[in-house]
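Open the structure in your viewer and keep the selection panel at hand.

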Amino acid sequence: MSSAAPAVAVTPAPAAVGPRGVSREDPLVVRIALTGTALLVIGVLIVIPVADVFYQALRGGIGAYAKSLFGDADTWAAIKLTLTVAPIAVLANTVFGIAAAWAIARFEFRGRSVLTTVIDLPFSVSPVVAGLVFVLLFGLQGYFGHWLRDHGLKIIFATPGIILATAFVTFPFVARELIPTMEALGDEEETAAVSLGANAWQMFWRVTLPNIKWGLLHGIILCNARAMGEFGAVYVVSGRITGQTDTIPLRVEKLFQEYDTPGSFAVASLLTVLALVTLVIKVFLEEKRRRELAEATRFEAGGGEKS
Amino acid sequence: MSVSVKNLTKRFGGFTALERVSLEVPGGELLALLGPSGSGKTTLLRIIAGLEAADEGTVLYSDEDVTGVSVRERNVGFVFQHYALFRHMTVFENVAFGLRVRKRKEADVERRVSELLHLIQLESLGRRYPSQLSGGQRQRVALARALAAEPKLLLLDEPFGALDAKVRQELRGWLRRLHEEIHVTSIFVTHDQEEAFEVSDRVVVMNHGKIEQVGSPEDVFEHPASPFVMDFLGNVNVFHGRVQGGLAHVGGMSVAAPEHPEHHSRPATVYVRPHELDIHRQSMNGSSIRASIVRINPLGAAVRVGLTGENGEVLQVDLHRDRAAELGLAVGESVWVAPRKARVFIHDYQI
């Protein structure tokens, strides 16, 4: 039966998109040109280099790859150092970040705007300069150099210096994530918790932390990626002692300078994997965080509109 | 538990939120703090709770001085204006919070929370999250949460402020019944006089950081202590004149003012509520003024008549429907307006 055909003809054609829909429709040529350019740039600048890292790393086969990573004592030392430095720097910045965000979002005090600006300073200072500052402070010729030597403490050209430099460079990540979230949340829930008998610790763990958890994780993930990949500041403070103060990025550079291209790329692939994993987690967290923030804003403004 | 505050003063920068405020609240009472925004009512409530510290003065619970005690240790239930429910916790966990931080046994927590969910008629919604509730439901959860740890004092900041009129009406009656059931001393803040009158045992009217009047709803309405109270509690007609020997004179009209028997004449203001004015066809021999009708609006059981007095006063009269029908008024007519009752304030009061 052909009775279905007229019925289809009767339904209004999707021409009723409205003038707005039509005006937003750019010519096909423009769309192809724009999308094409974007894809080309991404391909040349991002996809090809990333793919090439793995290609170069694995060119000698999986055995050579594993040997470059685990067979070389100095590379292994660099991996261990990075895995020591990054968690400490991230932990320190998580604690400082929460404290700073708390201070800025919850209290009115003199110097609040100064603090907000200073938190961003590590983003605008060149990492090399940051490294030099620590050398100037704690190096043998630095202000505290003699005192440190007399007490048998070593900061520059040692792990503490690398941790300090890494922590400095990655300082803003956590705080900057948390300030807007905490400001949007407001302090009403926290006040309510205290009025219900919670102490400061209970309030933080039971009310504040669950409300900021996605933003916090997002900050921590970015902070960690940057901490593991930091080159400039660490280059200056570490002294680049092979097998002792080389971190993964420094090791990559050193292997490359020594014409060990496969080894260099093998180590580089570690950082690249880290970047890709970070990216995936970041996308996941951003969605969660967006909802967290939207929820906070809606709650704040909405109160009880819905009834 | 009774509450008394003595000589509380609180300043925010140059703004004085409270100025030497003293108040006694007997145990078991349901008290309303009523006033316009900026009158200091919320500040007073927060100081009583311990959420805010007073610059001067003391707060006593029963006879114990709690001025320096933190809100955490005061064991009061506080209901916030926007509820402040914990958004990441279920209704059950919200209500349980005060018990959990006190490390009560799990069985006790469950029993108490179920009891409270029953009380707020939300037994079936224990697993919902606050964002899945209506405004009225959230408000009730906030109340249950505040009551969970059996506070000696319940404080509510504009508890129905964010709700629509119908839900608000329901919750008012519900709060009143709840108070009769649990009888905990309760203080709530509102800017809505109807709400204050309907729910509370006593009303405290506040203005500019001071208490204008304390009394039963009827007392405050019938015997306002100041022009502010008169003015704040609903519509009022204002006449300017002079008072002498127990009589106030406004134009050609005299009004009894036995509370001002002084012999010398002083400027005075006469306040009359719209329902306390009557309209007559003839002059009432010195107790009425001439006015012309500007508009007539039927309002259900009453008819609201807008008039302009002979000296240009804007007048509003609420007549009973039957009375309006009997008079058969029309816009533009000239009539006589006479107060059945009036309150006279001499001019050392300022609004």
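**Stop one: a strand pair**

Select β15(B) and β19 (residues 334–339) of chain B: the two pair in the antiparallel sense over four bridges. Strands here are DSSP runs (E, at least two residues), numbered from the N terminus, and two strands pair if DSSP finds at least two bridges between them. Now pick Leu277(B). Its bridge partner in β19(B) is Pro339(B).

This is a predicted model: local features need pLDDT of at least 70, side-chain atom pairs count only at pLDDT 80 or more, and totals for chains, interfaces and linings use all residues. Residues are numbered from 1 along each chain as its sequence is written, while chains are lettered from A and ligands numbered from 1 in the order in which they are written.

**Stop two: the sheet**

Five strands of chain B form an open, antiparallel sheet in the order β15-β19-β16-β17-β18. Which strands stand at the edges? They are β15 (277–280) and β18 (314–320) of chain B; each has a single partner strand, so one side of each is left without a neighbour in the sheet.

**Stop three: the contact with chain A**

Show both chains. The contact takes 28 residues from chain B and 21 residues from chain A. Residues are in contact if their C-beta atoms, placed from the backbone, lie within 7 Å. On the chain B side, select α5 (135–147). α5(B) gives the most, with five residues. Helices are DSSP runs too (H or I, at least four residues).

**Last stop: all of chain B**

Zoom out. Chain B has ten helices and 20 strands. Its C-alpha trace spans about 80 × 45 × 35 Å along its principal axes.

Definitions and conventions
Contact = placed C-beta atoms within 7 Å.
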